[in-house]
Amino acid sequence: MADLLRRVAERSDTAAFRELYQTYGPRVKAFMMRQGTDAATAEDLAQETLFTVWRRASLYAADKGSAATWIFAIARNLRIDRLRREMPWQELPEERPEAAASEALPDEALAEKERQARVRAALASLPPEQHEVVVLSYLEGLSHGEIAERLRVPLGTVKSRMRIAYQKIRAGLEDLR
Amino acid sequence: MTITHHLDDATLMSFAAGSLPAALSAVAAAHVAMCTRCRREVAGLERVGGTLLAELPPATLDRAEPPASAIWGQDPRPDVHENPRRAGEGADPIPAIAGAPRGAPPAPLARLLPRELDNVRWRRLGLGVWHHRLAVAGRGGLGLLKVAPGRVVPEHGHAGAELTLVLRGSFHDATGRYLPGDVADLDETIEHKPIADPGRECICLVASERPSRFRGLLARLLQPLHGL
């Protein structure tokens, strides 16, 4: 997928973009709908996310993160800005005009693929109650307090589940950092 | 200068997820901009978001094909020039923060902060404490807090979560000493009573999950005296 993004960045490859669009567009729409928004708004936000991908592809440094991670960050910021009408304070990851995507070292791209696989494996191995708080945070956009209310558990429990989940994910990446 | 007090892991995860209440998120972003360690952590945590996004069952797009390239613009590349600079870059640096270990705060926050910490219009709260509210949309309260040397840094949350980022001067409590760039992200179960270090006033960027209620501040500051 990072490769598709590189093709878009380097030669405005519309076929590559089409594939990105059809892979991530429907998922970004689903992501927006998880926030409780209607389908039409979610569609608009998905379009806008992918539009941003097209426009900013050349700013993306493929050696530093996967396409999915970058698209997630764009969608996350849009969600905060449009659905929550708050300021998205988070920067987009690894937008580095000085290091074009084409300069990505093959080793690094490979290592990034491996990192992503480790994260996936770590997430899959989490016990349900830890996986749940991670999903509620990332996909439903709930704060610690809102997760505590939703699950009817103390705030401290939410935080400690999240910390443990994080430690496991981090441990999975230890030798690749 | 080294940053020794970082964001809690649960705060970092919620920040990367985009789920931290707005005011807390602003302080977290300012710390992350200054802190290499936390920046690396956030990058790792964004991968979690990417993975979860990639695994989401897809919804159906009404527009199954991307709009014609004419609509999208022919070439994404010129955007490099017109596109916003990397956040923080090129923005007028905040003197107090520019002197800190790393970079300026993210651009949106830099616009919100006063240019000079010496020219802030402070509201006096008494007992060597001043406050300056920053308007921020969304959940929580955000502001600057100035504490005279040797004075107690008041609580700014009201039972909810709070973050305190030192911009100038320093304070200490049972958990250690906090210098510029350090952030106090303490569990509400920890009882702490930060005191500004002698010699220089301490200025912090503070956020609370619920809007600050400084009305009760004097009473709370005086509480230890009543207890005597």
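Which residue stands opposite G143(B) in β3(B)? Keep that in mind for the second stop.

This is a predicted model, where local features need pLDDT of at least 70, side-chain atom pairs count only at pLDDT 80 or more, and totals for chains, interfaces and linings use all residues. Residues are numbered from 1 along each chain as its sequence is written, while chains are lettered from A and ligands numbered from 1 in the order in which they are written.

**Stop 1: the sheet of chain B**

Select β1, β2, β3, β9, β4 and β7 of chain B. They form an open sheet of 6 strands, in the order β1-β2-β3-β9-β4-β7, with antiparallel pairing. β1 (123–126) and β7 (183–184) stand at the edges with a single partner strand each, so one side of each has no neighbour in the sheet. Strands here are DSSP E runs of at least two residues; helices are H or I runs of at least four; both are numbered from the N terminus. Two strands pair if DSSP finds at least two bridges between them.

Zoom in on β1(B). It pairs with β2(B) in the antiparallel sense over 3 bridges. R124(B) stands opposite W130(B) in β2(B).

**Stop 2: strand β3(B)**

Select residues 141–147 of chain B. 7 of the 7 residues of β3(B) are buried. Buried means 20 or more other C-beta atoms within 10 Å of a residue's own; exposed means 12 or fewer; partly exposed lies in between; C-beta atoms are placed from the backbone. G141(B), G143(B), L145(B) and V147(B) point one way, and L142(B), L144(B) and K146(B) the other.

Now show both neighbours. β2 (129–134) of chain B runs antiparallel to β3(B), joined by 6 bridges. Here is the residue from the opening: R133(B) stands opposite G143(B). The hairpin of β2(B) and β3(B) has 6 residues between the strands, and G138(B) takes a positive phi near 95 degrees there. β9 (202–208) of chain B pairs with β3(B) over 7 bridges, also in the antiparallel sense. G141(B) stands opposite S208(B) in β9(B).

**Stop 3: helix α1(B)**

Select residues 9–17 of chain B. 9 of the 9 residues of α1(B) are buried. What do they pack against? From chain A, α6 (128–138), α7 (144–151) and α8 (155–173); from chain B, α2 (22–34) and α3 (36–55). Contact means C-beta atoms, placed from the backbone, within 7 Å. Next comes G18(B), which follows α1(B) and has a positive phi near 80 degrees.

**Stop 4: where the chains meet**

Colour by chain. The contact takes 68 residues from chain A and 53 residues from chain B. On the chain A side, α2(A) gives the most, with 11 residues. By class, that side has 34 nonpolar, 16 polar and 18 charged residues. Nonpolar covers Ala, Val, Leu, Ile, Met, Phe, Trp, Tyr, Cys and Pro; charged covers Asp, Glu, Lys and Arg; the others, Gly among them, count as polar.

**Stop 5: the core**

Select L5(A), L20(A), I71(A), A26(B) and V27(B). Of the 104 residues in the largest nonpolar core, these touch the most other members. α2(B) gives the most to this core, with 11 residues. Such a core is a set of buried Ala, Val, Leu, Ile, Met, Phe, Trp, Tyr and Cys residues joined through C-beta atoms within 7 Å.

Finish on A26(B). Not counting residues up to four places away in sequence, A26(B) touches W89(A), L109(B), V136(B), L142(B) and A207(B).

Note on methods:
Two residues are in contact if their C-beta atoms, placed from the backbone, lie within 7 Å.
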